Amino acid sequence: MVPSRTCRWRNYLPWLDGTSGVIYNILHALNLPVDIRNICVLLAPGFSALTAWSTYMCVAICMSWKRYPLTRSSRFTKEMKDESAGLLAAAFIGIAPGYISRSVAGSYDNEAIAIFLLMFTFFCWIKALKTGSVLFGTLTALFYFYMVAAWGKSKSDPIAHPVSSTAHLVVYL
């Protein structure tokens, strides 16, 4: 028990530690001996780079006005009409003061991974709507579930959010 008379284990969300553990196991499976402390310290800058990439992809796909049929051959770069908007958005998220404080080395907090998951969920959702892909619709639901569970801000059932978003996506498609 903690002084506020709440059980700490009830409020514990293992998603941040689990992400670090998965990265640790993947690196050790690739015979890269990295200490778990180094992974925890560099988790936020690593996900910050992924956030800039997903912001770039999200804005670039929003700026393209082409609608492709349901084919597996369409790659990300074929849908970009102009890369400058995506680069500008990635630069803006890279210099945002509120995000810099959450993405420095040693900042081991839920926002380190949740902001990347938010941007990648937006990208998957827009991609699913533009292409009608069930794969990207499923990825949207999975990454939305992971985002809600990892953020820890939602006190409601984290399974209800991705299930409802998947149902809305199925109805829309």
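**Exercise 1. At which residue does H2 bend, and which proline follows within four residues?**

Solution. A quick note before we start: this is a predicted model, where local features need pLDDT of at least 70, side-chain atom pairs count only at pLDDT 80 or more, and totals for chains, interfaces and linings use all residues. Residues are numbered from 1 along each chain as its sequence is written, and side-chain values use heavy atoms, with hydrogens and water left out.

Helices here are DSSP runs (H or I, at least four residues), numbered from the N terminus. For the bend, take the angle between axes fitted to the seven residues ending at a residue and the seven starting there. H2 bends by about 50° at Leu42, and the proline is Pro45.

**Exercise 2. Work out which residues pair up in the salt bridge, and how exposed each one is.**

Solution. Look for a side-chain nitrogen of Lys or Arg within 4 Å of a carboxyl oxygen of Asp or Glu. There's 1 salt bridge in the structure: Arg37 pairs with Asp35, with 2.6 Å between the closest N and O atoms.

Next, check accessibility (buried is under 20% relative accessible area, exposed over 50%, partly exposed in between; 1.4 Å probe, protein chains only). Arg37 comes out exposed at 60%, while Asp35 is partly exposed at 29%.

**Exercise 3. Find out whether Cys124 is in a disulfide, and whether Cys124 is buried or exposed.**

Solution. A disulfide needs two cysteine sulfur atoms within 2.5 Å, and the count by that rule is 0. For Cys124, the nearest cysteine sulfur belongs to Cys58, 9.6 Å away. Cys124 is buried, at 0% relative accessible area.

Technical notes
Helix = DSSP H or I, 4+ residues; strand = E, 2+ residues; numbered from the N terminus.
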